[in-house]
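I opened the file today and kept short notes on what I looked up. The entries follow in the order I made them.

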Amino acid sequence: MQNKQLVLSYQIFELSELSQSDCELLTRAREVAKNAYAPYSHFKVGAAVLLENSEIVVGCNQENAAYPSGLCAERIALFSAYAQFPMIPVDTIAITAIGNKSVIEEPISPCGSCRQVITEFESISKRPIRILMQGEKGAIMCIDGASTMLPFMFAEDVLKRYTKE
Ligand code: THU
């Protein structure tokens, strides 16, 4: 038997330490979070995607009375970015959220399905995507690459290894 360990590294920023571009991206995420359609959870999430061509595409969560039919802000932003700018690599995704009970003071991180989708975008463009997370205020967390947040993920290379076209 062998014991193995994974080491995860991430950064914590204060607002004053952020680059202008990161600040703008978080602001765009914050603005679009207000448009979320979240009558069931009352948890409004906003995501803003910065592409390598400097375009910013935003998305917010959209819920449905048939709960699983809704979709997270991150996937809406990413799928929309690909629809508008196919094959343009994603540089950074900023994520934030608004609750209806108290001010969110901790970073909001993407759910497992969104992490899976972000890693697919990383593999399309063969580069990591920075994930920038903040609640309504407080610490800003930055992780360089969604695969860091999704160890042992299922990925296309496994399909390729064990199946043929
Ligand atoms: N949600 C997101 O939009 N992104 C996440 O990463 C976590 C959860 C949404 C889905 C649902 O509309 C609400 O937040 C509560 O789960």
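**Entry 1: isoleucine 131.** With which residues is isoleucine 131 in contact, leaving aside its neighbours within four places in sequence? I got Ile93, Ile95, Pro110, Ile118, Met141, Cys142, Ile143, Gly145, Ala146 and Met149. I note here that the model is a predicted one.

**Entry 2: the cores.** I then looked up the largest nonpolar core, which has 25 residues. Ile131 is among the four that touch the most other members, together with Val49, Leu78 and Ile93.

Entry 3: In what order do the six strands lie? I read E1-E6-E5-E4-E2-E3, an open sheet with mixed pairing. E1 (11-13) and E3 (56-60) are the edge strands, each pairing on one side only. Neighbouring strands are turned by 20 degrees against each other on average, with direction ignored.

**Entry 4: pairings on the E1 side.** E1 and E6 run antiparallel and are joined by three bridges. Within that pair, phenylalanine 13 has isoleucine 140 in E6 as its bridge partner. E5 and E6 also run antiparallel, with four bridges between them. Here leucine 132 is partnered with cysteine 142 in E6. E5 and E6 make a hairpin with six residues between them, and glycine 138 in the turn has a positive phi of about 95 degrees. Is E6 mostly covered or mostly open? I count it as mostly covered, since four of its five residues are buried.

Entry 5: E2 and E4 run antiparallel and are joined by eight bridges. In this pair I found alanine 47 bridged to isoleucine 95 in E4. E2 pairs with E3 in the antiparallel sense over five bridges, and glycine 46 stands opposite cysteine 60 in E3. E2 and E3 form a hairpin with four residues between them. In its turn, serine 54 has a positive phi of about 75 degrees. E3 is an edge strand, yet it is mostly covered, with four of its five residues buried.

**Entry 6: the ligand.** Which residues surround the ligand? I listed Ser41, Phe43, Val45, Asn61, Glu63, Cys72, Ala73, Glu74, Ser109, Pro110 and Cys111. I then looked up polar distances to ligand oxygen atoms. An N or O atom in the side chain of glutamate 63 is 2.5 Å from a ligand oxygen. For glutamate 74, a polar side-chain atom lies 2.7 Å from an oxygen atom of the ligand. For alanine 73 the atom is a polar backbone one, and the distance to a ligand oxygen is 2.9 Å.

**Entry 7: positive phi outside glycine.** I looked up two loop residues. Lysine 126, in the loop between H3 and E5, has a positive phi of about 50 degrees although it is not a glycine. Its relative accessibility is 74%, so lysine 126 counts as exposed. Phenylalanine 152, in the loop between H4 and H5 (156-162), is not a glycine either and has a positive phi of about 60 degrees. Why does phenylalanine 152 count as exposed? Its relative accessible area is 79%, and the cut-off is over 50%.

Entry 8: Threonine 119 is in helix H3. At 6% relative accessibility, threonine 119 is buried. Not counting residues up to four places away in sequence, threonine 119 touches Ala146, Ser147, Leu150 and Met153. Leucine 159 sits in helix H5 and is partly exposed, at 43% relative accessible area. I also took its C-alpha to C-alpha distance to arginine 127: leucine 159 is 20 Å away in space and 32 residues away in sequence.

Terms used: Residues numbered from 1 in each chain as written. Predicted model: local features only at pLDDT ≥ 70, side-chain atom pairs only at ≥ 80, totals over all residues. Heavy atoms only, no water. Core = buried A, V, L, I, M, F, W, Y, C linked by side-chain atoms within 4.5 Å. Buried < 20%, exposed > 50% of the residue type's maximum accessible area, 1.4 Å probe, protein only. Contact = heavy atoms within 4.5 Å. Pairing = 2+ DSSP bridges. Axes fitted to C-alpha atoms, helices over the stretch in contact; angles between N-to-C directions. Near = heavy atom within 4 Å. Polar contact = N/O pair within 3.5 Å; in protein donor to acceptor, adjacent residues only side chain to side chain.
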